[in-house]
Amino acid sequence: SGWVNPDHNEPVGVINERYKKYASAGFKGILFEADSQKHFEEAKRNGLEAHRWNWTMNNGAAKLLKEHPEWYAISRSGKSCATNPPYVDYYRWLCPSKPEVLNFLMEEANTILSKNYIDGLHLDYIRFSDVILPLNLWSNYKLVQQTELPDYDFCYCKICRDKYQAQTGKDPLQLAYPDAQVSWRTFRYRAINDVVNSLATVAKSHRKKITAAVFPTPEIARRIVRQDWTNWNLDAVFPMIYHKFYQEEATWIGEAVEEGVHFLNNKFPLYAGLYLPDFDNNMDELEMAIHLAIKNKAAGVSLFGNIDDKVLATLKKASNG
């Protein structure tokens with residue numbers, strides 16, 4: 001499958017031609033970053049599944065920020081994502097513990113899945129903010145994140161603190177070493193798990209699929225973004241195994257797939273997410289990565305980046321070989 005942002009102004013003929021090429025190269029579906037009936041229908045006309053790729057916990061919509069600043073996550077240093085987003089301006093994280101946030105997300109999912117031309121919901125940014133960034137980004141932000149720094153550690157709003165205190169008798173703000181407190185870590189995994197599994201019930205009620213883009217391995221996902229994706233009730237998962245973000249070689253893609261598949265234990269299929277710019281136009285390396293993913297029991301791959309004719313030819317070659 002591929003992650004794609006649809007161009008609303010493209011003529012139907014051009015769109016149809018592209019998705020016909022995708023289908024003949026071995027694509028099974030498209031994850032669309034915006035709603036476009038025209039694109040979805042042309043994809044489906046060519047036998048592809050058309051899913052709506054949706055930013056979930058990270059939502060910087062001006063209307064939402066203005067009407068519900070209290071829905072946003074608060075860092076250990078007391079800063080709200082509504083007013084002080086971490087790292088970059090578009091990092092506006094909602095708090096998963098608030099019932100109003102869950103209701104909002106369930107209504108959003110319901111609206112998307114009510115459309116008959118949409119085959120499924122694809123969750124992205126379904127996590128907390130990165131408490132630790134992927135290694136390759138440390139230098140970009142002039143940070144060394146060998147510990148969990150207070151500005152990037154979420155969420156310490158009143159609701160999260162009260163809920164955790166009710167369970168453990170401790171206020172997370174009073175913990176000597178919050179990054180080492182297993183129950184506090186688990187509390188946050190479960191907060192996101194509950195959101196995902198609630199959204200899964202919405203998808204089920206529409207008899208449609210729910211999938212998610214997640215961090216590359218179960219271990220990395222839990223450690224750096226509090227994402228416990230092997231415990232989600234999905235139809236498939238798309239780990240973003242973007243090797244250069246972690247300063248790894250393309251061979252690591254096979255290892256990451258192996259780890260994910262092992263911990264999923266046949267619960268649902270895994271599609272290895274490959275980041276095309278990381279391959280620097282080296283089609284032999286891309287072909288090797290696809291083979292490694294499949295050899296390690298991925299159900300397939302998902303591509304992010306510029307899907308040109310060379311990439312399509314490589315995909316076709318890999319799926320035939």
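Trainee: How do H7 and H8 lie to each other, roughly parallel or roughly perpendicular?

Mentor: The model is predicted, so local features are taken at pLDDT of at least 70 and side-chain atom pairs only at pLDDT 80 or more, whereas totals for chains, interfaces and linings use all residues. Residues are numbered from 1 along each chain as its sequence is written, and side-chain values use heavy atoms, with hydrogens and water left out.

Helices (H or I, at least four residues) and strands (E, at least two) are DSSP runs, numbered from the N terminus. Two packed helices are described by the angle between their axes and the distance between the axes. Axes are lines fitted to C-alpha atoms, for helices over the stretch in contact, and angles run from 0 to 180 degrees between N-to-C directions. The axes of H7 and helix H8 (residues 252-264) come within 8 Å and cross at roughly 85°. H7 and H8 are therefore roughly perpendicular to each other; that class covers 65 to 115 degrees, while under 35 is roughly parallel, over 145 is roughly antiparallel and the rest is oblique. From H7 the contact (heavy atoms within 4.5 Å) involves Pro218, Glu219 and Ile220, and from H8 it involves Trp252, Glu259, Gly260 and Phe263.

Strand S5 (residues 209-214) and S6 run parallel and are joined by four bridges; two strands pair if DSSP finds at least two bridges between them. Strands of a sheet pair through backbone hydrogen bonds, either parallel or antiparallel. Ala212 stands opposite Val237 in S6, and Val214 stands opposite Pro239 in S6. From S5 the chain passes through helix H7 (residues 218-225) to S6, in a right-handed β-α-β crossover. Right-handed here means that, with the strands pointing away from the viewer, the path from the first strand over the helix to the second runs clockwise.

In a regular strand the side chains alternate between the two faces of the sheet. Strand S6 (residues 236-239) is covered on both faces.

Gln227 belongs to the loop between H7 and S6. Gln227 is buried, its relative accessible area being 0%. Neighbours within four places in sequence set aside, Gln227 is in contact with residues including Ala213, Val214, Pro218, Ala221, Arg222 and Trp232. Arg185, in turn, lies in helix H6 (residues 182-205). Arg185 is buried because its relative accessible area is 18%. With neighbours within four places in sequence again left aside, Arg185 is in contact with Glu148, Asp179, Arg222, Arg223 and Arg226. The side chain of Arg185 also reaches the backbone oxygen of Asp179 at 2.8 Å.

For contrast, consider Lys170, in the loop between helix H5 (158-168) and H6. Lys170 counts as partly exposed because its relative accessibility is 39%. Beyond four places in sequence, Lys170 is in contact with Tyr164, Gln165, Leu175 and Gln181.

S5 and S6 belong to an open sheet of eight strands in the order S6-S5-S4-S3-S2-S1-S8-S7, with parallel pairing. S6 and S7 are the edge strands, each pairing on one side only. On average, neighbouring strands of this sheet are turned by 25° against each other, direction ignored.

Gly273 stands opposite Ser302 in S8. The chain crosses from S7 through helix H9 (residues 283-295) to S8, and this β-α-β crossover is right-handed. Strand S8 (residues 300-304) is mostly covered, with four of its five residues buried. S8 also runs parallel to strand S1 (residues 2-4), to which two bridges join it, and Trp3 has Phe304 as its bridge partner in S8.

Notes. Buried < 20%, exposed > 50% of the residue type's maximum accessible area, 1.4 Å probe, protein only. Polar contact = N/O pair within 3.5 Å; in protein donor to acceptor, adjacent residues only side chain to side chain.
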